[in-house]
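Work each one out first, then read the solution below it.

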Amino acid sequence: MNSNTSATEELDSRHLPDNIYASVVRSLYADAQSLLVGVLSTAIAPLVLYWKSSDNVHLVFSAFFLVFGIFRLLLAKEFQFKTNDETTRKDYEKWENRYISVSSLYVGLLGLWFLAGVLRSDDPFVHLMSFSLTLCYLIGVIGRNFGSDKLVSIQVLIALCSLISGLVLLKDSYHMILAVFLVPFFIAIRLMAARLRGILFDSEIKAQSNRIIANRFDTALENVMHGIAMFSRDGIITVANERFLTLAGLEGEDIIGSDVSILNATGDIADGEEAFSARIKAYLNSRRSQQFTFQLPGGRTIEADYNSMDEGGVVVLSDI
């Protein structure tokens, strides 16, 4: 792991640039489909236990899960409606805290459901189902909410306390052993979330840096006196500034992504019979740097310097 990745893994939301922090908060409210599946599964599971045990407490929890789930879905819709490019960091912080509060209560309800099953029933299936669903929900946190360290920490702590308490209440040596093994398991969940968060932050920061470099490159490219164009090895134009279009007689055209043959319109070569595009293709194939001149209609003479690169070539045009 390089030093940059290590540094980003240690970042939390307080130290992130505003645009990256905004993307983290947006990720919490994204993926409504998985949220809907979670809502339906947690609402249906208590009904299964009610059918198995005839304990009305499971009906109560099913209703709670459904209400909280619908509220979370509506909150996600409200977030999508009320946030835009003008949303401030302070507003995003409020949305993050709101999500943390609601989702933490949801995990708390799952933990209480497991505890209620332990205290009110001796049926192993009741214990297993409520335990498993709570555990599966926490594993899902890695995929949905790993961007927020605060959220992962709170949810892991709530679930860990609930599950360990329930296992201890069963007063069985094997359940005690399971409770002990839950501790490193939950630590692993938090570490995996931190690792994914580090990868996310690292990629976002690098992407932002690349955008800044690209913008600076574009600004510099458009302010030089020479026409500059870059070509891939297969003859596709990848970069071209406005000055190049002017000197090549293609002013106002969009040639990025076009084949080099589009440059046939630039007129006759002054010191040979080959068209401009044919010269560029030949130089791309031979991987050699050359200098030549051509004339635009009206007699304007343009000097072209072709320089070979590993991935293609670059042409610099000068009005002589």
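**Exercise 1.** Is K171 buried or exposed?

*Solution.* Before we start, note that this is a predicted model, where local features need pLDDT of at least 70, side-chain atom pairs count only at pLDDT 80 or more, and totals for chains, interfaces and linings use all residues. Residues are numbered from 1 along each chain as its sequence is written, and side-chain values use heavy atoms, with hydrogens and water left out.

Step 1: recall the cut-offs, with buried meaning under 20% relative accessible area, exposed over 50%, and partly exposed in between (1.4 Å probe, protein chains only).
Step 2: K171 has a relative accessible area of 71%, so K171 is exposed.
Step 3: find its place, which is the loop between helix 7 and helix 8. Helices (H or I, at least four residues) and strands (E, at least two) are DSSP runs, numbered from the N terminus.
Step 4: look at the backbone, where phi of K171 is near 55°, a positive value in a residue other than glycine.

**Exercise 2.** Where is S54, and what is its phi?

*Solution.* Step 1: S54 belongs to the loop between helix 3 (32-53) and helix 4 (57-82).
Step 1: its phi is near 60°, which is positive although the residue is not glycine.
Step 2: with a relative accessible area of 57%, S54 is exposed.

**Exercise 3.** Find S148 and say which residues S148 touches.

*Solution.* Step 1: go to the loop between helix 6 and helix 7 (149-169), where S148 has its place.
Step 1: the relative accessible area of S148 is 1%, so this residue is buried.
Step 2: not counting residues up to four places away in sequence, S148 touches V24, L28, E96, I100 and R197. Contact here means heavy atoms within 4.5 Å.

**Exercise 4.** Why is the pair of Y29 and W95 edge-to-face?

*Solution.* Step 1: learn the rule, by which rings of Phe, Tyr and Trp (its six-membered ring) pair if their centres lie within 6.5 Å; planes under 30 degrees apart count as stacked, over 60 as edge-to-face and the rest as tilted. By this rule the count comes to twelve aromatic pairs.
Step 1: the ring centres of Y29 and W95 are 5.7 Å apart and the planes stand at 90°, so this pair is edge-to-face.
Step 2: Y29 is in helix 2 (residues 18-29) and W95 in helix 5 (residues 89-120), so the pair ties together parts that are 66 residues apart in sequence.
Step 3: check accessibility, and you will find both Y29 and W95 buried.
Step 4: compare with Y283 and Y306, whose ring centres are 5.4 Å apart with planes at 35°, so that pair is tilted.

**Exercise 5.** How do helix 5 and helix 6 run relative to each other?

*Solution.* Step 1: the axes of helix 5 and helix 6 (residues 124-145) come within 7 Å and cross at roughly 160°. Axes are lines fitted to C-alpha atoms, for helices over the stretch in contact, and angles run from 0 to 180 degrees between N-to-C directions.
Step 1: angles under 35 degrees count as roughly parallel, over 145 as roughly antiparallel, 65 to 115 as roughly perpendicular and the rest as oblique.
Step 2: helix 5 and helix 6 are therefore roughly antiparallel.
Step 3: look at the contacts, where residues of helix 5 including Y99, Y106 and F114 meet residues of helix 6, among them F131 and Y137.
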